[in-house]
Amino acid sequence: MELLVHYRGTLITAVLAVAVGLASYAVVSSDPLAGHRDRSFTMDFSRVYDVDPALIQYEQTREFSVSMAQPRGISVGPEDQIYVAGDQTVGVYRPDGTTLAMIPTEGRPSCLAVGNDQHVAPGHIYVGSGNRIEVFDDDGSRVATWNVPTDDAILASIAVADESVFVADAGNRLVWRFDPSGELLGTIGNAEAGGRTFNVPSTTFDIAIGPGRQLHVANPGALRIETYTFDGALQARWGNPGVAIENFFGCCNPSQFAVLPEGEIVTSEKGVPRIKVYSEYGEFRSVVAGPRQLGIAQSELGDPRPHQAGVVFDVAADSQGRVWVLDPRRKSVRVFVRLDEHTGGIGFQPVNLESTGWKPIPLSAPLAHASRRHGSWEEQPDA
Amino acid sequence: MSSRTLPSRTSNANNRRSNVAAFARRWIPGVYHALASVATSKLWITGVCHALASVATLTWVGDAMAAETPELMFPVPEFSDHPIPTATVPEVQGQIAPLLDVAILFAALCLASYFTLVSRSRRNVLLLTIASLLWFGFWRQGCVCPIGATQNVALAVFDPTYVVPLTVVAFFILPLVFTLFFGRTFCASVCPLGAMQELIAVRSVAVPRWLDHSLGLVAYIYLGAAVIFAATRTGFIICRYDPFIAFFRLGGNADMLIFGSCILLIGVFVGRPYCRYLCPYGAILRVLSCFSKWRLSIPPGTCINCQLCEDACPYGAIHPPTVAQTPAARRRGKRQFGFALLAAPFLVAGFWWLGTTLAVPLAQWHPESRLAEQVRLEELGVAETTTDASDAFRGSPRSVDDLYQSALTRRNDFVTLGGLLGAWTGLVIGFKLIYLSVRRRREDYQADRAGCVSCGRCYWYCPVEKVRLGLISDVSEALPDGRTPGGPLVQLTVGGKKP
């Protein structure tokens with residue numbers, strides 16, 4: 001005790017020195033003005049990143065570059081030719097990736113569709129850009145330009161039926177219906193007309209024609225797909241929100257979808273990118289590709305940076321049931337084929353694609369200029 | 001897991017709801033326009049009609065939409081197993097609470113001034129200190145406080161777009177006004193930060209004068225930095241580095257908890273370390289207190305120069321009577337004064353230059369610069385993760401180049417601002433040197449005008465005060481053995497204070 005009293009001053013000085021040092025350290029190490037990521041609300045995406053391998057019944061068989069800076073939409077036309085819209089052009093490709101034509105457009109296309117054999121004008125290309133639809137003949141010549149009767153349109157998707165052309169407008173949250181001459185026939189989901197409306201929080205708002213003359217419409221904010229008659233009568237709706245693989249996840253999904261020949265629906269989700277197959281009635285069937293198969297790293301999920309946040313994998317389906325995926329990051333088209341068709345069943349080793357002569361086109365491959373005569377595209381040498 | 005639902009268009013209920021919605025959409029805008037057109041001659045009537053029609057529209061359409069399409073509302077996403085919390089609407093406080101705060105502050109300042117200057121009651125001052133700590137500290141959680149309000153006022157002065165609440169202005173102004181009249185009575189027993197330190201100053205040791213004066217400059221530099229950071233919307237650093245807010249709110253940043261704990265530990269031995277060496281508002285009050293109309297006087301009558309008050313003051317704010325100066329000391333003092341006067345401009349210029357060199361580290365405090373740096377790291381691919389700010393930036397239409405340009409502009413601004421902060425620092429140091437070189441004559445023990453926080457501790461020890469209160473009959477009863485009035489501890493210049 002005497003020692004404490006004797007060294008009282010020294011002890012107090014020591015305590016003060018330690019306290020000052022600690023306080024200084026706390027102030028220097030603290031950075032209360034720093035921007036942080038609030039981890040308390042960070043989502044754990046590990047559950048959704050890996051998909052049960054047993055559910056993946058497709059495999060990528062090839063991939064080819066589309067030579068566009070910003071590919072936006074993909075569609076399959078007659079003879080399973082692939083049409084890709086992006087930049088200010090529409091690229092036409094053979095299924096093997098050979099470039100047949102590059103059709104310039106006036107606007108920057110956001111979506112496109114091609115009339116199939118049931119359409120009154122098979123091969124007609126409908127390209128949505130801004131608030132208008134540019135129509136091209138099957139030889140790439142411009143046929144007409146239709147204007148959507150509103151300035152605030154965001155054309156997100158086009159679907160071509162036999163005698164109707166449907167255009168999904170995310171800006172007005174409705175579907176316009178035109179006849180092949182461009183005359184407006186009506187709308188579906190028009191709030192001013194009463195009845196049902198669509199919940200469209202973002203610019204993704206896809207539509208497609210089913211084999212039974214139905215119009216499938218994604219209601220992305222409601223996380224489901226709805227089926228209408230061409231007159232706008234709701235026939236069915238399906239889809240549940242949720243993180244599980246059979247559900248639709250995120251704010252507004254499915255962002256894209258396509259209809260397979262048998263009426264099954266291939267959906268593509270954004271945010272946590274995954275492509276899945278459902279029956280016409282919404283029964284979950286299988287997975288085409290999960291985030292890993294699409295080349296998305298787990299750390300990228302939830303990352304709002306443009307290269308990830310802006311990625312929306314548009315999908316299309318051809319007459320053979322192949323799923324064509326437009327990868328905007330790799331600026332390529334990726335082809336997925338069912339494993340049982342491709343290998344003879346799930347669990348079989350995939351065939352060596354290179355031995356079959358399927359080779360991906362190098363990204364630096366030159367474009368071919370082509371014109372279409374007498375119903376078929378002919379390759380032309382570079383100009 | 002999937003579901004198929006029958007078409008709902010055929011539902012009679014839905015049709016009825018659709019009819020309601022259609023009616024609302026068709027008729028309410030018409031009513032709205034009709035009301036508005038009828039009232040075009042009177043603007044106020046137009047306003048009322050617009051408001052009524054808008055409310056009616058919202059009510060009708062809202063009800064109709066909600067009733068019509070409940071299934072089209074956003075479904076609750078399945079994020080995880082975390083239960084979705086129930087949304088609650090916070091209670092609207094209205095104007096009563098802010099007015100009550102101002103009223104309580106005013107009352108507390110009145111009481112503090114009364115207890116300090118009129119009733120001279122240390123006990124009441126102490127009780128008020130505890131009450132202020134409980135109310136302004138733990139109940140109001142340290143906000144609004146005059147110390148932080150300095151930044152709001154600074155921002156409002158330099159940024160006309162910022163609207164500072166009147167409550168905040170009142171919190172800033174009231175203690176200043178009271179200080180001009182009654183000295184630092186706010187510090188005495190109203191400020192919750194001061195109250196916290198006041199209650200733990202139990203083992204105070206004397207801080208060497210040179211160290212006390214030197215550390216006292218930090219508060220002025222802190223004030224300058226806080227004003228610049230607030231005026232440029234860099235941040236309210238006084239609030240961010242408030243050492244006690246974590247205690248008031250019973251939780252906070254670990255670093256700030258350590259900082260606050262250390263300040264409290266230091267406060268056990270060094271009275272009110274935050275008030276004396278860091279508080280930027282205290283720096284303003286120090287200056288104003290020098291001009292206060294009334295101020296605390298230690299003895300109620302004639303000072304007997306017993307030195308008990310100086311020993312009792314834990315803040316080193318009581319100065320002894322001055323001794324007679326020798327001619328040599330007087331000449332030396334004059335030389336020091338002249339040197340200080342000459343040095344002041346050089347100090348201002350030197351620190352101005354030094355401040356300009358700190359432009360980059362100062363600018364890095366600004367959120368814009370931080371965001372630019374974060375985005376740059378993200379663009380380079382070396383950022384480990386994004387931040388909320390960079391996430392928000394990515395979602396905005398603003399370009400990266402625009403952000404970089406803005407950050408560069410901000411950095412150039414901070415060259416000037418850093419220079420100003422440096423000049424302010426030089427000015428404060430120069431003024432301090434001049435202040436210290438000026439000799440003041442004191443004939444008895446006096447509280448330092450700037451440093452005295454009017455806590456009234458000296459009342460408890462002053463023998464003259466005890467005689468006044470009737471606790472003792474003669475001052476000698478309160479003096480320790482061997483200490484007599486006018487004893488060898490002090491040498492008076494002209495004797496004791498006249499009665």
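Trainee: What do the axes of helix α3 (residues 96–118) and helix α6 (residues 166–182) of chain B do?

Mentor: The axes of α3(B) and α6(B) cross at roughly 10° and come within 10 Å. Keep in mind that this is a predicted model.

Trainee: What makes α3(B) and α6(B) roughly parallel?

Mentor: Set the angle against the cut-off. The angle is roughly 10°. Angles under 35 degrees count as roughly parallel. Therefore α3(B) is roughly parallel to α6(B). The crossing is right-handed.

Trainee: Which residues make the contact?

Mentor: From α3(B) come P98(B), D101(B), V102(B), L105(B), F106(B), L109(B), S113(B) and L117(B). From α6(B) come T167(B), A170(B), F171(B), L174(B), P175(B), F178(B) and F182(B). By class, the contact of α3(B) with α6(B) has 12 nonpolar, two polar and one charged residues.

Trainee: Now helix α16 (residues 327–357) and helix α20 (residues 400–437) of chain B. Why are α16(B) and α20(B) called roughly antiparallel?

Mentor: They pack at an angle of about 170°, with axes 6 Å apart. Angles over 145 degrees count as roughly antiparallel. The value is above the cut-off, so α16(B) and α20(B) are roughly antiparallel to each other. The residues of their contact divide into 19 nonpolar, 12 polar and no charged.

Trainee: On to chain A. How many helices and strands does chain A have?

Mentor: Chain A has five helices and 26 strands. Its residues number 383, and 45% of them count as buried.

Trainee: How do you know whether Y83(A) is buried or exposed?

Mentor: Count the neighbours. Y83(A) has 23 other C-beta atoms within 10 Å. Buried takes 20 or more. Therefore Y83(A) is buried.

Trainee: Where does Y83(A) lie, and what does Y83(A) touch?

Mentor: Y83(A) lies in strand β3 of chain A. Leaving out residues up to four places away in sequence, Y83(A) touches S75(A), G77(A), V90(A), V92(A), L112(A), V114(A) and I125(A). T99(A) is 16 residues away along the chain, and its C-alpha atom is separated from that of Y83(A) by 9.9 Å.

Trainee: What makes strand β3 (residues 82–86) and strand β4 (residues 89–93) of chain A a pair?

Mentor: Pairing takes at least two bridges. β3(A) and β4(A) have five, in the antiparallel sense. One position to look at is V84(A), which stands opposite G91(A) in β4(A).

Trainee: Which sheet holds β3 and β4?

Mentor: An open sheet of four strands, in the order β2-β3-β4-β5 of chain A, with antiparallel pairing.

Trainee: Why are β2 (71–76) and β5 (99–104) of chain A called edge strands?

Mentor: Each pairs on one side only. Neighbouring strands of this sheet are turned by 20° against each other on average, direction ignored.

Trainee: And the sheet with the order β6-β7-β8-β9 in chain A: why do β6 (111–114) and β9 (142–147) stand at the edges?

Mentor: That open sheet has four strands, again with antiparallel pairing. β6(A) and β9(A) each have a single partner strand, so one side of each is left without a neighbour in the sheet. Neighbouring strands here are turned by 15° against each other on average, direction ignored.

Trainee: How do you know that β6(A) pairs with strand β7 (residues 125–129) of chain A?

Mentor: Four bridges join them, and they run antiparallel. Two would do, so β6(A) and β7(A) count as a pair. The bridge partner of A113(A) in β7(A) is Y126(A).

Terms used: Residues numbered from 1 in each chain as written. Chains lettered and ligands numbered in written order. Predicted model: local features only at pLDDT ≥ 70, side-chain atom pairs only at ≥ 80, totals over all residues. Axes fitted to C-alpha atoms, helices over the stretch in contact; angles between N-to-C directions. Parallel < 35°, antiparallel > 145°, perpendicular 65-115°, else oblique. Nonpolar A, V, L, I, M, F, W, Y, C, P; charged D, E, K, R; others polar. Left-handed = near helix turned anticlockwise from the far one by under 90°. Contact = placed C-beta atoms within 7 Å. Buried ≥ 20, exposed ≤ 12 C-beta atoms within 10 Å, placed from the backbone.
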